[in-house]
Amino acid sequence: MQPEHDLNKPFDATAEITTDLTIPRLFYRQAKRFGANRVAMREKEYGIWRPITWQEYLDNVRAIALGLIRLGLEPGDKVSMMGANRPEGLWAEMAALCAGGIGVWLFQDCLMEEVRYIIDHSDTKFLFGEGQEEVDKALSVVNECPKLQKIIWDDPKGMRHYHQKILMSLEEVKALGRELDREKPELFEQLIQRGHGDDTALLFYTSGTTSLPKGALLSHHNMLSMGQSLMSVDPCFPTDDYVSYLPFAWIGEQMMSISCGLQIGYTINFPESPETAQENIRDIGPHVMFAPPRMYEQMTRTVQVKYLDATWLKRTMYNLASRIGYHMADLKFQKKPIPPVWRFLSWFAYITVQKKLKDHLGLSRVRNAYTGGAAMGPDHFRFFHAMGVNLKQIYGQTEVAGISVVHRNGDIKFDTVGLPIPGTEIRITEEGEIITKSASVFKGYYKNPEATAKAIRNGWLHSDDKGFIDDDGHLVVFDRTKDVFTLRDGKLFSPQYLETRLKFSPYIKDSWVIGDRKPFITAVLCIDYSVVGKWADERKMNYTNYQELSQKPEVYDLIEKQIRQANKDLPEAARVYRFTNLYKEFDADDDELTRTRKLRRAFVEKRYKEILDALYSDTDTVHIDTTIKYEDGRLSHVVTDLAIRTIT
Amino acid sequence: MQAKPNPSEEVLLELQDVSMYFGKVTALSEVSLQIRKGEIHSVIGPNGAGKTVMMNCISGVYRPQKGEVRYRGKVINHLRPYERAKLGISRTFQKVEVFGGMTVLDNIRLGRHIHMKSGILSGAIYKGKTAREEIEHRKFIEEEIIDLLEIEHIRNKPVGMLPYGLQKRVELGRALALEPELLILDEPLAGLNLEEVEDMARFILDVNEEKRWQVTCLLVEHDMGVVMDLSDRVFVLNFGNMIMDGTPAEVQSNPDVIKAYLGEEDLYATRA
């Protein structure tokens with residue numbers, strides 16, 4: 001017997017992971033090791049944090065996995081999951097893997113069409129939905145997805161009138177599983193002994209900024225080797241806490257909850273509801289965090305807005321502390337020694353401001369906070385370091401099961417993403433494209449050999465991202481190849497960079513910068529309704545909705561000021577010269593953003609062509625006559641004039 | 001969704017020839033109404049028809065000059081509002097009447113007061129039975145109300161700071177904390193946006209149908225789309241007079257009702 005197959009042997013996190021290890025075997029061994037004494041996960045329910053031990057985790061997974069077998073799951077069958085982050089979601093995923101299935105996660109806010117596409121394309125046989133909302137979505141596509149055999153739900157709320165035969169509650173599945181367990185007590189262990197590390201574990205649909213989602217096949221070994229490499233850079237401990245609140249359909253969350261979480265055995269905490277996530281993070285005070293830049297941008301905004309509301313004394317203290325903080329951060333970035341005076345001042349800033357501030361943001365205990373998945377502007381990045389939070393950039397993608405490059409402690413540069421993790425090789429092609437080679441490079445796209453051949457060439461994963469390696473060996477990611485601008489002076493320029501700079505203003509929620517081979521740069525901005533709304537209330541301005549507020553001349557003045565700030569110390573050709581405020585926010589449901597909130601440029605360029613044209617003509621307004629579709633399917637006719645302002 | 005089982009024939013609340021005058025103005029004139037256990041019974045009528053006066057007569061804010069209000073067959077005309085609450089009649093108001101300075105949780109707890117047995121003294125000592133009782137109530141509020149109304153995220157926020165739609169939800173929560181048998185909802189949807197209307201309609205159905213609750217609802221509402229969808233029976237009032245009482249289909253086809261609403265196009269208009 002291979003050593004990895006010995007289910008009674010505790011997992012040794014320091015030994016190298018071989019392809020004999022699968023996620024189920026690792027899960028089983030860890031659950032046996034921690035047993036009933038350690039908390040595997042916690043969920044806040046009815047206002048109280050409720051612990052679930054490793055033993056309970058194992059019991060639930062055992063029952064669900066055997067239930068799926070009884071329902072007819074064959075090795076390699078796809079099991080989809082949809083719903084909020086909650087223990088049942090993770091149990092379902094783990095049970096699917098233990099039973100020999102392949103897990104597929106859907107974003108909870110997926111529209112019907114996306115659900116239909118993924119369920120159909122992935123050949124899903126079983127779907128775990130959380131409650132009524134997911135069941136409704138699944139039922140509406142069930143006729144077009146003939147391979148779907150069962151829809152399983154766990155939240156009974158609102159389900160009292162649903163009696164369709166295809167539906168089944170999680171409790172019923174567990175009961176079936178327990179029955180099978182009594183008949184064949186050895187079966188679960190036998191299932192776990194099946195399979196190999198190179199088998200596919202997860203089928204991950206990437207949110208394409210250009211086309212239909214592609215399904216990336218990730219093996220057990222892809223996931224586990226990635227997790228081990230990251231943990232060797234920044235070790236975590238079984239006593240650590242982690243809060244799982246970002247969608248499981250995002251690779252970053254899988255990486256933290258499965259790839260790393262399972263190897264280390266830290267406690268995974270689930271918030272009470274999506275709306276309470278920020279509050280619940282504060283309850284827990286996690287030791288490690290991984291989130292896309294928008295989460296950190298949101299925290300920055302919270303601080304900036306609270307600052308505007310604070311009393312004179314508090315504002316003064318905050319200004320003082322942040323000046324000290326910024327100086328300390330700069331010393332750290334330059335790797336200079338810290339003089340004793342500054343050590344003292346830094347302690348003073350910590351005691352007076354930073355301690356409380358970090359507590360409110362849930363960052364008190366955080367050892368490593370990672371950001372990735374999109375570009376983060378240097379302003380945001382420095383903001384967190386000035387507060388004393390060890391924020392690190394990562395670079396990764398779904399196709400490497402998470403991340404491949406990360407900052408190291410004491411070697412952080414805010415314009416880079418750091419060094420490759422162990423076992424990963426990064427190179428730049430002659431065209432400037434970033435390519436990667438590691439044990440975590442995925443197996444290919446499901447039912448899409450052309451895309452696979454394009455992505456993996458000679459064992460190297462081609463990312464389609466432009467970048468370079470700087471003098472310290474750090475990787476710098478410039479932008480998506482197709483997004484890079486050529487300015488009027490012939491220089492290359494990344495629109496993302498300017499967009500993130502603009503978003504550092506609390507008044508600007510989203511930005512879209514235009515200017516490839518154009519005489520000057522322009523921007524379409526979405527104001528932050530709540531922040532600008534509050535600002536307007538304080539000035540006794542009247543407005544009835546987003547559209548009206550965005551078009552107020554006073555708001556244009558305010559936004560112009562923010563743009564001037566962002567334009568500062570940029571070369572002349574890279575400054576925003578004309579801008580307009582859009583009449584609505586960008587929305588993933590309108591296909592303007594991906595589900596991970598990346599701007600889909602090609603799409604918005606087509607959709608807002610008239611605005612684009614007006615920005616490069618000499619008019620000061622653009623007439624809009626369009627129809628907006630709301631989430632509930634209602635249509636609303638919008639006729640308005642958008643002002644265009646030139647910054648002189 | 002399937003239709004729910006027919007409400008029972010047991011009459012929970014009965015108004016018999018109830019009249020109410022303010023000086024020379026007749027607000028209600030010999031109105032009779034029967035509400036059966038388990039149903040959602042709506043009262044509609046143009047503005048000033050006397051709907052709220054009728055609700056006030058039932059909850060005890062007003063005492064009708066003529067006629068009888070019977071609850072479970074017993075005349076309750078003489079009972080004060082809090083005594084009627086003890087019988088299991090609970091209500092919400094057209095314009096939200098919450099305690100703005102108190103948190104959501106405190107507002108809801110207030111509705112629970114009627115079920116608290118321990119007094120000030122034992123509360124001060126807070127041992128044994130009193131502590132257990134409080135935990136029981138906490139459990140009820142969290143599991144049955146906060147979870148149902150999905151207000152976890154505002155639990156500890158002062159109600160006055162919340163948007164109107166959420167205040168209405170909190171008010172419903174407080175009414176439910178009484179664990180009523182009969183719930184009077186006075187225009188629960190007024191001033192809400194479409195999404196909030198849908199949420200509220202769902203809560204009303206949940207409270208009416210869910211095994212845990214099965215509360216009889218008396219609903220005053222102008223949103224005809226919702227009224228016709230939710231109600232088992234609809235009672236039409238005009239200038240203090242009853243026009244008819246019947247199923248939504250009967251009401252929609254009754255010429256008198258259409259006449260009373262003539263010119264008021266919104267009778268059959270649902271929200272666009």
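**View 1. A bridge between two strands of chain A.** In this predicted model, A:Arg578 has A:Thr646 in S29(A) as its bridge partner. The two strands here are S27 (residues 576-581) and S29 (residues 635-646) of chain A, which run antiparallel and are joined by 3 bridges. Strands count as paired if DSSP finds at least two bridges between them; strands (E, at least two residues) and helices (H or I, at least four) are DSSP runs, numbered from the N terminus. Since it's a prediction, local features need pLDDT of at least 70 and side-chain atom pairs pLDDT 80 or more, while totals for chains, interfaces and linings use all residues. Residues are numbered from 1 along each chain as its sequence is written, and chains are lettered from A and ligands numbered from 1 in the order in which they are written.

**View 2. The whole sheet in chain A.** Let's zoom out: the sheet is open, with 5 strands in the order S25-S26-S27-S29-S28 and mixed pairing. Strands S25 (508-514) and S28 (621-629) of chain A each have a single partner strand, so one side of each has no neighbour in the sheet.

**View 3. Two helices of chain B crossing.** The axes of H3 (residues 104-112) and H5 (residues 128-149) of chain B come within 11 Å and cross at roughly 115 degrees (axes are lines fitted to C-alpha atoms, for helices over the stretch in contact, and angles run from 0 to 180 degrees between N-to-C directions). H3(B) and H5(B) are therefore roughly perpendicular, a label for 65 to 115 degrees. Where they meet, B:Ile108, B:Arg109 and B:Arg112 in H3(B) face B:His137, B:Ile141 and B:Ile145 in H5(B), with contact meaning C-beta atoms, placed from the backbone, within 7 Å.

Notes. Parallel < 35°, antiparallel > 145°, perpendicular 65-115°, else oblique. Contact = placed C-beta atoms within 7 Å.
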